[in-house]
Amino acid sequence: MSINKDTPLNIMILGGGVAGLTAALALAKFAPSTAPPTITVFEIRPEPGVIGGAVNLTPNALRLLDRLGVLPIMREKDYGLTVDCIEVFNVYAKAQMGESSFAGPDGKGLGDPPYKALRVTRADVMKALVEAVNRCPSITFQCNKRTTSITETSSNITLTFADSSTAQGDLLIGCDGIHSVTRTKHVEPSRAEIYSGIANAFGFAPLSSPELQNKNISRDKLHFKSTAINFARRGMLLTSYYESTLSSVYVGGLLEVPEVSDRNGWKVRGADQDATKIDMKARFATVDVVHDDIEPLIDAAKDWFMWPVYTLPPGGKWCTSRAMLLGDAAHAMPPQGEATGIVLEDTVLFARCLWAEGTLEAAFERYEALRRPRIDAAFKESQAVVKTVRDAGAAGHRIKCVIVPWFLWFTRKKREKHFIEDVTTCSLEPEIEKASSGVFVPAAAGVLVLGVLVAVWSRYLL
């Protein structure tokens with residue numbers, strides 16, 4: 001299909017989460033002023049989703065949110081907490097192992113203008129995105145729309161919903177997550193998600209709770225300053241403030257958990273707060289843990305929830321003639337510190353490619369040529385992260401605690417270089433060589449070294 005800069009496109013987006021709403025904003029921002037598109041976002045839930053933990057928005061993610069008009073709303077509402085660095089600890093030793101810094105050489109942040117990181121709840125990110133979308137006249141947001149079928153012809157693409165209504169457009173963008181209807185009903189039905197063996201459990205611990213007060217655990221008694229990753233033999237624990245009053249701590253764990261039979265089984269397991277809390281204490285609050293605040297934080301945490309981490313291995317089909325998958329719908333991967341940033345990059349880069357070309361086919365080809373090398377490298381990194389959170393014996397954990405500080409040092413400059421990248425202004429030359437030589441590939445090489453070492457200890461020392 002040709003893209004006429006004087007004729008508005010009718011664009012449909014499935015999925016009203018972070019990916020879908022940022023895609024809508026990016027498409028509106030970079031569209032030609034002569035023909036602003038009509039953009040409709042369809043969300044399956046009755047209202048915008050606000051479930052989730054606290055995410056870390058890295059400098060490159062904040063830069064994109066600023067360009068899209070979302071970060072000013074977040075600052076106006078005082079959402080989140082600015083993070084200078086992520087502290088890294090071994091739960092069996094008092095001393096800090098290392099850190100991943102966002103402060104930059106002068107302490108003001110990375111890039112020009114400089115940005116640090118922001119720890120913020122997914123709910124607050126969604127609130128800001130919804131407000132930004134509501135301010136954009138070319139975007140319509142409809143909830144409670146369950147897609148039952150997708151039909152594509154040479155002239156259009158049509159959605160049929162469970163309420164028997166339909167919607168027709170020129171282009172469909174699937175931002176509907178790991179269990180994407182766009183993928184499973186249309187783009188590549190045979191490509192199923194795979195359980196990673198890892199689950200994410202999280203809750204929120206008010207510092208005023210009796211569990212902390214009775215143990216005399218106050219703000220100045222916590223073992224971290226703002227946000228910390230804590231490695232244990234059986235997983236990785238995140239403890240972090242996430243709002244400016246510092247009155248509550250996000251407590252989240254990445255855990256190796258046996259697969260549950262189906263999604264309904266995971267819902268039951270995830271909703272069992274007592275079982276989740278017992279599991280977290282068995283992993284991170286054993287008698288040899290030296291940080292006195294960890295067990296009370298787990299005890300104090302409310303609203304515990306557990307969800308499985310599914311993945312889509314690299315490759316696969318991302319598009320048809322009139323549909324494109326973005327975010328987890330195309331390339332879901334385990335957490336590796338930049339999940340939200342990767343999604344934001346997807347949406348902005350795709351929007352720029354779309355309006356830079358004269359046909360959908362050319363835009364899709366350009367986007368994939370630019371994006372696939374970046375995604376492949378990120379997926380390799382995520383696999384190494386999975387290895388570091390799998391259950392380990394004492395010897396394996398000691399080796400891990402030797403490797404991690406080295407890895408943080410080895411990849412520091414590469415991380416910082418990536419954090420200052422801006423996909424709103426980067427070149428759109430779809431050269432594989434150029435895309436592959438980006439900063440993330442060398443960083444991933446360092447991660448692969450880590451992964452090899454992790455594999456060695458997993459094979460011989462556990």
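This is a predicted model: local features need pLDDT of at least 70, side-chain atom pairs count only at pLDDT 80 or more; totals for chains, interfaces and linings use all residues.
**Notebook: aromatic rings and their partners**

I began with Trp-318 and found Arg-372 lying over its face, at 4.0 Å from the ring centre.

Next I looked up Tyr-92. The charged end of Arg-233 sits over the Tyr-92 ring, 4.2 Å from the ring centre.

Then I turned to rings that pair with rings. I count a pair when the centres lie within 6.5 Å, and by that rule I get 13 aromatic pairs. I picked Phe-102 and Phe-419 to look at: their centres are 5.5 Å apart and their planes stand at 50°, so I log this pair as tilted. Where do the two residues of this pair sit in the chain? Phe-102 is in the loop between strand 6 (96-101) and strand 7 (117-121), while Phe-419 belongs to helix 13 (residues 394-419).

Phe-350 lies in helix 11 (residues 339-356) and Tyr-367 in helix 12 (residues 360-389), so the pair ties together parts 17 residues apart in sequence. Are these two buried or exposed? Phe-350 has 1% relative accessibility and so counts as buried; Tyr-367, at 0%, counts as buried as well.

Last entry, a group of rings: I found Phe-202, Phe-204, Tyr-242, Tyr-250 and Phe-305 forming one aromatic cluster.

Terms used: Residues are numbered from 1 along each chain as its sequence is written. Side-chain values use heavy atoms; hydrogens and water are left out. Rings of Phe, Tyr and Trp (its six-membered ring) pair if their centres lie within 6.5 Å; planes under 30 degrees apart count as stacked, over 60 as edge-to-face and the rest as tilted. Helices (H or I, at least four residues) and strands (E, at least two) are DSSP runs, numbered from the N terminus. Buried means under 20% relative accessible area, exposed over 50%, partly exposed in between (1.4 Å probe, protein chains only). A charge sits over a ring if NZ of Lys or CZ of Arg is within 6 Å of the ring centre and within 35 degrees of the ring normal.
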